[in-house]
Amino acid sequence: MSDKETRQKKTRTINPDSIKNLGDHYYLASLFFSFIRQKVSGKAFYWCRKLKIDQNSLEMANNIKKQLKKISEKVVPFFKKNFNLKKKIHSFHTSFCFCLVGGFFLNSAKIRKKTNKFRCIMSGLIAEPHPSSLAKKKLPSLVIFHEVFVTTRVFLRWITPVHFSWLFFFGDKIFK
């Protein structure tokens, strides 16, 4: 293996195909953690430049990570009670998605099986996943989304699959 191939292997990020069902937010988080590893090794600038990622945006993501950590610390009792966990949360992915629901529970949408489009729970808006979404092929039954993007069609951007019970945990008065 040449020196160039070795360097390329070290700077690789998680393959989107390996985490398609985990959602767009989770993929972005995996990019962020790859950035942190590069930052520790002192190669973040070149890594960001190679992948054409704005380093300042990733620094801002670090602040978001701190906020998500605070939320996850508050919901640990919920996981222990509802999933019969002794010490650890079910998985990082489950904790991560649960925290996202805490911030985006109003931005939730349910699949309409006949059309393979989503219906936003709060507004009733009909939309489809954005073509850049990782979850566009196998659509989950319920998602949270970051934003609605309107062209000649209506799209949901940055979607992540979630569970119904999580929506009721954060928005029980709204969804009843």
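Is Cys48 buried or exposed, and what is its relative accessible area?

Guide: Cys48 is buried, and its relative accessible area is 2%. Like everything that follows, this value comes from a predicted model. Cys99 also counts as buried, at 3% relative accessibility. Cys99 takes part in no disulfide: the nearest cysteine sulfur belongs to Cys97 and lies 9.2 Å away. A disulfide requires two cysteine sulfur atoms within 2.5 Å, and by this rule the count is zero.

Some background on the chain comes next. The protein chain has six helices and five strands. Their order from the N terminus is α-α-α-α-α-β-β-β-β-β-α. Of its 176 residues, 34% count as buried. Among contacts between residues at least 6 apart in sequence, 55% join residues at least 24 apart. The accessible surface comes to about 11,700 Å², with 56% of it on carbon and sulfur atoms.

Now to the strands. Strand β1 covers residues 108-112, and Ser108 lies in it. Ser108 has a relative accessible area of 1%, so the residue is buried. A polar atom of the Ser108 side chain lies 3.1 Å from the backbone oxygen of Phe105.

β1 pairs with β2 in the antiparallel sense, over four bridges. In this pairing Lys110 stands opposite Arg119 of β2. The two strands form a hairpin with four residues between them, and Asn116 in the turn has a positive phi of about 55°.

In a regular strand the side chains alternate between the two faces of the sheet. Strand β2, residues 117-120, has Phe118 and Cys120 on its covered face and Lys117 and Arg119 on the uncovered one. On its way to the next strand the chain forms a second hairpin, that of β2 and β3, with five residues between the strands; here Gly124 takes a positive phi near 80°. Strand β3 spans residues 126-129 and runs antiparallel to β2, joined to it by two bridges. Ala127 in β3 is the bridge partner of Phe118.

Phe145 ties several of these residues together. This phenylalanine is found in strand β4, residues 142-150, and at 5% relative accessibility it counts as buried. Leaving aside neighbours within four places in sequence, the contacts of Phe145 include Ser108 and Ala109, as well as Cys120. Phe104 and Asn107 are also in contact with Phe145, as are Leu156, Arg157, Trp158 and Ile159. Ile159 is 14 residues from Phe145 along the chain, yet their C-alpha atoms are separated by 4.3 Å.

Helix α2 runs over residues 24-40. At 1.5 Å a residue, its 17 residues should span 24 Å, and because its end C-alpha atoms are 25 Å apart, the two values agree. An α-helix has 3.6 residues a turn, so residues three or four places apart point the same way. Buried residues of α2 include Leu31, Ser34, Phe35 and Gln38. Asp24, His25, Tyr26 and Tyr27 are also among the buried residues of α2, as are Ala29, Ser30 and Phe32. After α2 comes Gly42, with a positive phi near 80°.

Conventions: Residues numbered from 1 in each chain as written. Predicted model: local features only at pLDDT ≥ 70, side-chain atom pairs only at ≥ 80, totals over all residues. Heavy atoms only, no water. Buried < 20%, exposed > 50% of the residue type's maximum accessible area, 1.4 Å probe, protein only. Polar contact = N/O pair within 3.5 Å; in protein donor to acceptor, adjacent residues only side chain to side chain. Pairing = 2+ DSSP bridges. Contact = heavy atoms within 4.5 Å. Areas by Shrake-Rupley, 256 points an atom, 1.4 Å probe, with all protein chains shown as cover. Expected span 1.5 Å × (residues − 1).
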